Amino acid sequence: MILGTGRAVPKRVLTNADLEKMVETTDQWIRERTGIERRFIADDKDTTSALCAEAGRVALQAAQLPAEKLDAIILATVTGDVTFPSTACYVQEMLGATNAAAFDISAACTGFIYGLSLADSLIASGKAQHVLVIGGEILTRITDWTDRATCVLFGDAAGAIVLGPGDGQRGVIDTFIKSDGRLTPLLCMPGGGTKVPYDVAVAERLMFLKMEGREVFKHAVTAMGDAAEHILTKNNLTAADINLLIPHQANMRIINATAKRVSMPLEKVYVNVQNYGNTSAASIPLAMDEALENGRLQPGDRCLIVAFGGGFTWGSAIIQF
Ligand code: COA
């Protein structure tokens with residue numbers, strides 16, 4: 001079950017009006033196509049590990065769990081501090097989680113659901129008791145600020161949950177994860193790995209997130225709808241059995257389409273994309289933490305989460321709070 005949640009965002013805010021001064025765009029275009037109004041962006045000194053550690057610390061406090069009691073830290077990110085070691089290892093050091101295994105997961109915007117699924121399996125199998133799952137990104141470091149089709153979409157944040165054994169009533173009811181590696185070119189950062197030498201990657205501007213927006217949009221709508229429908233059907237549940245749907249916060253139009261697909265009324269859908277933009281792996285735990293804080297999620301509630309991201313990857317989970 002979820003013992004505690006936390007979130008962290010950088011201090012700096014970038015509004016649509018700020019973006020109007022940087023690229024040829026308008027506040028109206030961004031709002032109409034995405035629903036986004038502002039996003040938090042990291043300063044030069046901010047690191048993904050520090051944001052993730054801050055979110056993790058808050059989640060541990062909420063769970064009233066000392067960091068030494070963690071058996072694992074699973075960190076979902078595509079913007080880790082360095083290629084290796086894992087960002088999770090930096091976070092482990094920052095938190096003093098001396099007894100934890102620590103590793104990263106790369107599943108883009110679905111990373112948190114992948115991490116949740118794995119954490120739940122570790123706990124269910126008895127291999128772990130307490131697992132910290134974090135989704136954290138500084139996407140603005142891989143944003144091409146000359147590409148108006150992508151730079152208006154993303155923001156930086158971290159969200160975290162502490163997972164412990166269920167009590168028979170509360171906990172992760174089910175998770176579902178999928179991917180389709182045939183679609184990698186549609187959303188990726190082509191440089192920065194071993195495929196293209198660094199000097200070539202920098203010279204050819206391959207160190208930035210690249211996206212075929214329209215194609216990604218179509219796949220996201222289908223996959224998120226499929227994932228939500230699949231997990232409800234598999235568990236003999238309908239929208240009426242769900243108190244809150246927390247979809248990955250990429251775009252208001254994708255959120256609306258997902259809700260419609262499973263006949264979920266919009267008042268049961270959590271939306272904060274207007275304030276943060278797309279924060280990839282951070283978006284669902286961030287929204288979950290906010291929803292618990294502002295009362296949209298209450299003890300006893302059943303929550304459906306669903307996400308889609310680069311890879312492509314997609315997935316869903318049902319959690320009883
Ligand atoms: N401001 C103003 N105009 C813009 C713009 C911006 N920031 N970005 C693109 N445009 C222009 C395009 O150049 C194009 O102009 P043209 O018709 O003269 O060629 C026009 O707007 C339409 O572009 P298109 O890409 O077809 O727009 P769209 O309706 O598909 O919206 C996205 C673009 C990116 C908002 C939309 O495709 C989307 O949300 N995709 C999914 C993105 C996503 O969520 N990714 C992460 C998944 S986890």
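The centres of domain 1 and domain 2, taken over C-alpha atoms, sit 14 Å apart. Domain 1 covers residues 2-168 and domain 2 covers 172-320, with bounds that come from an automatic or database domain assignment. This is a predicted model, in which local features need pLDDT of at least 70 and side-chain atom pairs count only at pLDDT 80 or more, while totals for chains, interfaces and linings use all residues. Residues are numbered from 1 along each chain as its sequence is written, and side-chain values use heavy atoms, with hydrogens and water left out.

Where the domains meet, 46 residues from domain 1 and 49 residues from domain 2 take part, contact being heavy atoms within 4.5 Å. Together the domains bury about 3700 Å², with 63% of that on carbon and sulfur atoms. Buried area here is the accessible area (1.4 Å probe) that two parts lose on being put together, summed over both. On the domain 1 side, Arg7, Cys109 and Ile113 lose the most area to domain 2, together making up 19% of what that side buries.

Arg7 also turns up in a salt bridge, its side chain meeting that of Glu293 at 3.1 Å, N to O. The count of salt bridges between the domains is three, each pairing a side-chain nitrogen of Lys or Arg with a carboxyl oxygen of Asp or Glu within 4 Å. As for polar contacts, 23 residue pairs link domain 1 and domain 2, both residues at pLDDT 80 or more. A polar contact is a pair of N or O atoms within 3.5 Å; within protein, one must be able to donate a hydrogen and the other to accept it, and residues adjacent in sequence count only if both atoms are side-chain atoms.

Several elements of domain 1 supply at least two residues each to the side touching domain 2, among them strand S1 (2-8), helix H5 (111-124) and strand S7 (156-163). Helices (H or I, at least four residues) and strands (E, at least two) are DSSP runs, numbered from the N terminus. S7 gives the largest share, seven residues. Sorted by class, this side of domain 1 has 22 nonpolar, 14 polar and ten charged residues. Ala, Val, Leu, Ile, Met, Phe, Trp, Tyr, Cys and Pro count as nonpolar, Asp, Glu, Lys and Arg as charged, and the others, Gly among them, as polar.

Strand S8 (residues 171-179) holds Thr175 as well as Ile177. Thr175 counts as buried, at 17% relative accessibility, whereas Ile177 is partly exposed at 36%; buried means under 20% relative accessible area, exposed over 50%, and partly exposed in between (1.4 Å probe, protein chains only). The side chain of Thr175 makes a polar contact with that of Ser117 (2.9 Å). Beyond its neighbours within four places in sequence, Thr175 is in contact with Leu116, Ser117, Ile231, Ser316 and Ala317. With residues up to four places away again left out, Ile177 touches Ile113, Tyr114, Ser117, Trp314 and Gly315.

Arg261 lies in helix H9 (residues 252-261) and is partly exposed, with a relative accessible area of 32%. Its side chain makes polar contacts with the side chains of Asp226, at 2.5 Å, and Glu229, at 3.3 Å. Neighbours within four places aside, Arg261 is in contact with Thr222, Gly225, Asp226 and Glu229. From Glu20, 241 residues away along the chain, Arg261 is separated by 34 Å between C-alpha atoms.
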